[in-house]
Amino acid sequence: MIPRWSMVLAILLFAGMQYIFHGVMPHHKHELLPMRLMAGYWWGAFFASYALLLGYVSRDVKRRGMSAGLWMLVCVVLPGGIGSVVYFMLRQPILSRCPNCSTTMESGYHFCPQCQFQMAPVCGICHRGTKITDVYCTQCGHDLAEDYAPARLRAYSDTE
Ligand SMILES: [Zn+2]
Ligand SMILES: [Zn+2]
């Protein structure tokens, strides 16, 4: 789920912060070593998680058919992770692909909008979603066993 480049970037940023705190910054005699270790660790962890978040967003954006460039920019430009908060509030639902005609659609659809392929088990009368363990429809009381090749049973036979 998190691409390799962002993991590498996270490690580099973390190591870079350790270098800045312990190698570049001037050391004072009265300074406490544990304090400096803590500061280096926290800043390193902060930038590393930023890189991982960016990596996650770059992958997640594609699953939802949103503009990758725009959202990466938003996450980088808005400070302190605000961009990613905005992203998680505004992101579109995950897209799934019809196995029959490979149309992309929002996951959670019961039928493919282009070829009527059944994506989820539904009641044969009211077409609301059912669980494959249901015997009667929870919405209209229809006996699901009466449906021709009931979707809930088809889900079993597909796996065999
Ligand atoms: Zn389809
Ligand atoms: Zn029903």
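Trainee: What makes Arg63 partly exposed?
Mentor: Its relative accessible area is 33%. Buried means under 20%, exposed over 50%, and partly exposed in between (1.4 Å probe, protein chains only). So Arg63 counts as partly exposed. This is a predicted model: local features need pLDDT of at least 70, side-chain atom pairs count only at pLDDT 80 or more, and totals for chains, interfaces and linings use all residues. Residues are numbered from 1 along each chain as its sequence is written, chains are lettered from A and ligands numbered from 1 in the order in which they are written, and side-chain values use heavy atoms, with hydrogens and water left out.

Trainee: How do you know that Asp60 and Arg63 meet in a salt bridge?
Mentor: Their side chains come to 2.8 Å, N to O. A salt bridge is a side-chain nitrogen of Lys or Arg within 4 Å of a carboxyl oxygen of Asp or Glu. The pair qualifies as a salt bridge. Both residues lie in helix H2, 3 residues apart, about one turn of the helix. Helices (H or I, at least four residues) and strands (E, at least two) are DSSP runs, numbered from the N terminus.

Trainee: Why is Asp60 called buried?
Mentor: Its relative accessibility is 0%, so Asp60 counts as buried.

Trainee: What makes Asp60, Arg63, Arg64 and Arg91 a network?
Mentor: Salt bridges link them. Arg64 forms one with Asp60, the closest N and O atoms being 2.8 Å apart. Arg91 also forms one with Asp60, at 2.9 Å. Arg91 lies in the loop between H4 and strand E1 (95-97) and Asp60 in helix H2, so this pair ties together parts 31 residues apart in sequence. A search of the whole structure finds 3 salt bridges.

Trainee: Are Arg64 and Arg91 buried or partly exposed?
Mentor: Arg64 has 9% relative accessibility, so it counts as buried. Arg91 has 28%, so it counts as partly exposed.

Trainee: What makes the largest nonpolar core a core?
Mentor: A nonpolar core is a set of buried Ala, Val, Leu, Ile, Met, Phe, Trp, Tyr and Cys residues joined through side-chain atoms within 4.5 Å. Here the set has 7 residues: Leu54, Val57, Val61, Met66, Trp71, Cys75 and Tyr87. H2 gives the most, with 3 residues.

Trainee: Which residues is Cys75 in contact with, leaving aside its neighbours within four places in sequence?
Mentor: Tyr50, Leu54, Val57, Gly83, Ser84 and Tyr87. Contact means heavy atoms within 4.5 Å.

Trainee: How do you know that the buried residues of H4 line one face?
Mentor: In helix H4 (residues 82-90), Gly83, Ser84 and Tyr87 are buried. Seen down the axis of H4, the buried residues fall within an arc of 95°, so they line one face of the helix. The arc is that of the directions from the helix axis to the C-beta atoms. What covers these residues includes H2 and H3.

Trainee: Why is the site of the zinc ion (ligand 2) called tetrahedral?
Mentor: Start with the donors: Cys123, Cys126, Cys137 and Cys140, each through SG, at 2.2 to 2.3 Å. Donors are N, O and S atoms within 2.8 Å of the metal (3.2 Å for Na, K and Ca). The angles among the 4 donor atoms are 107 to 116°. Four donors count as tetrahedral if all angles lie between 85 and 135 degrees, so the label holds.

Technical notes. Tetrahedral: all angles 85-135°; square planar, octahedral: opposite > 155°, others 65-115°.
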